[in-house]
Amino acid sequence: MVEEMLSPFLRDNGFELVDVEYVKEGSNRFLRVFVDKEGGIDIDECGRISEYLSSKLDETDPIEEAYFLEVSSPGAERPLKKPEDFERAVGKHVLITTYEPLDGLKEFEGTLEAYDGVTLSVRTPKKIYAIPVEKAAGARLAIAF
């Protein structure tokens, strides 16, 4: 629903929708929208997107409970969810977690060497792991220390 509301506006303004989450934290609910663009997004752009989305949400009122709307950048440790995200992340430092252990591990941090649509190849200090995409529970860019 949020994606459909935002897609034309984001596309026309050169933004990319990274993720949408609706979560309950304590007694509050949050609708969080993560948006980015080539070169990064600034606070004024987040404000413009928030105003646009807020007016669209007010028109249709699809969420019954009270909630806080947050629009922000995905940050340096951006989640990787779509095929395009993985393609752009090749050559970058990533953290991949799996649903079940592969070679005794459920967490793989290193350089994403390749992505072919089926497998993520991650070079760690010990070796290169081939991780089937369907086994990946989560994936994000990571900051190497």
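So, how many salt bridges does the count come to by this rule? The rule first: a salt bridge here is a side-chain nitrogen of Lys or Arg within 4 Å of a carboxyl oxygen of Asp or Glu. By that rule, the count is 15 salt bridges.

Quick housekeeping. This is a predicted model, with local features needing pLDDT of at least 70 and side-chain atom pairs counting only at pLDDT 80 or more, while totals for chains, interfaces and linings use all residues. Residues are numbered from 1 along each chain as its sequence is written, and side-chain values use heavy atoms, with hydrogens and water left out.

Okay, some pairs. Arg 78 and Glu 16 meet through their side chains in a salt bridge, 2.9 Å from N to O. Arg 78 sits in the loop between strand 3 and helix 3 (83-89) and Glu 16 in strand 1 (residues 16-25), so this pair ties together parts 62 residues apart in sequence. Helices and strands, by the way, are DSSP runs numbered from the N terminus: H or I with at least four residues for helices, E with at least two for strands.

Is Arg 78 buried or exposed? Arg 78 counts as buried, at 9% relative accessibility. Buried means under 20% relative accessible area, exposed means over 50%, and partly exposed is in between, using a 1.4 Å probe and protein chains only.

Next up, Lys 135 and Glu 100: their side chains form a salt bridge at 3.1 Å, N to O. Lys 135 is in the loop between strand 7 (128-132) and strand 8 (136-141), and Glu 100 is in strand 4 (residues 93-102), so to speak distant parts of the chain, 35 residues apart. Lys 135 is partly exposed at 26% relative accessible area, and Glu 100 is partly exposed at 39%.

Then there's Arg 123 with Glu 113, a side-chain salt bridge at 3.2 Å, N to O.

Salt bridges with shared partners join Glu 16, Asp 36, Arg 78, Lys 82, Asp 85 and Arg 88 into one network.

Glu 64 is exposed, with a relative accessible area of 80%.
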